[in-house]
Amino acid sequence: MANRIVVLYVDTIGVIDNFVGGSGKSTDTGSLVHALRIWENSARPYCWFEHVPSWANLAYGGSRIGTECPATRSAGVQL
């Protein structure tokens, strides 16, 4: 992964702020940010965080609507 470009698509601005800032207020978020930093230090990628609107995130429907999400179904993703 050294010197490779990695694009992370995130639908929550607060999460991007946590990753870019290097910390999170909750223990869970802080742990995820810390794990990403460890990975970045060992893999040496060029990370870019890109915001996507929630409706464009295929995981959004599954977490909010459930297994009958029409967006994921139309994309061919079975939950």
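In this predicted model, strand β1 is the largest contributor to a nonpolar patch, giving three residues to it. The patch lies on the surface and is formed by Ile5, Val7, Tyr9, Tyr46 and Trp48, which together have about 630 Å² of accessible area. Two strands, β1 (5–10) and β2 (46–51), each supply at least two of the patch residues. Tyr46, for instance, has its place in strand β2.

The segment before β1 contains Asn3. This residue is not a glycine, yet its phi is positive, about 65°. Most residues other than glycine have a negative phi. Asn3 counts as exposed, at 56% relative accessibility.

The next element to consider is helix α1. Its buried residues are Ile16, Asn18 and Phe19. Viewed down the axis of α1, these buried residues fall within an arc of 160°, so they line one face of the helix. Val20 and Gly21, on the other side of α1, are exposed. The cover over the buried residues of α1 (13–21) includes β1, α2 and β2. After α1 comes Gly22, with a positive phi near 85°.

Leaving aside residues up to four places away in sequence, Phe19 touches Leu32, Val33, Leu36, Arg37 and Phe49. Phe49 is 30 residues from Phe19 along the chain, and the C-alpha atoms of the two are separated by 8.5 Å.

Helix α2 has 17 residues, and the distance from its first C-alpha to its last is 24 Å, close to the 24 Å expected at 1.5 Å a residue. Its buried residues are Val33, Leu36, Glu40 and Ala43. They lie on the same side of α2, because they cover an arc of only 105° around the axis. What covers these buried residues includes α1 and β2. Thr27, His34, Asn41 and Ser42 are exposed residues carried on the face of α2 that is turned away from the buried side. Two of the buried residues of α2, Val33 and Leu36, are also among the residues that Phe19 touches.

Where does the salt bridge of this model lie, and which residues form it? The count comes to one salt bridge, and the side chains that meet in it are those of Glu40 and Arg37, at 2.6 Å from N to O. Both residues lie in helix α2 (residues 27–43), three residues apart, which is about one turn of the helix. Side chains of opposite charge can pair when their charged atoms come close.

Arg44 follows α2 and is found in the loop between α2 and β2. Like Asn3, Arg44 has a positive phi although it is not a glycine; the value for Arg44 is about 55°, and that for Asn3 about 65°. Arg44 is exposed, with a relative accessible area of 52%, where the cut-off for exposed is over 50%.

Toward the end of this account comes Val77, which is found in the segment after α4 (70–74). At 34% relative accessibility, Val77 counts as partly exposed. Val77 and Ser54 are 23 residues apart in sequence, and their C-alpha atoms are 17 Å apart in space.

Taken together, the elements described here refer to one another in several places. Strand β2 supplies residues to the nonpolar patch and is part of what covers the buried residues of α2 and of α1. Strand β1, which gives the most to the patch, is likewise included in the cover of the buried residues of α1.

Definitions and conventions: Residues numbered from 1 in each chain as written. Predicted model: local features only at pLDDT ≥ 70, side-chain atom pairs only at ≥ 80, totals over all residues. Heavy atoms only, no water. Salt bridge = Lys/Arg side-chain N within 4 Å of Asp/Glu carboxyl O. Helix = DSSP H or I, 4+ residues; strand = E, 2+ residues; numbered from the N terminus. Patch = residues over 30% accessible without salt bridge, like charges linked within 9 Å, V, L, I, M, F, W, Y side chains within 5 Å. Areas by Shrake-Rupley, 256 points an atom, 1.4 Å probe, with all protein chains shown as cover. Expected span 1.5 Å × (residues − 1). Buried < 20%, exposed > 50% of the residue type's maximum accessible area, 1.4 Å probe, protein only. Arc of directions from axis to C-beta. Contact = heavy atoms within 4.5 Å.
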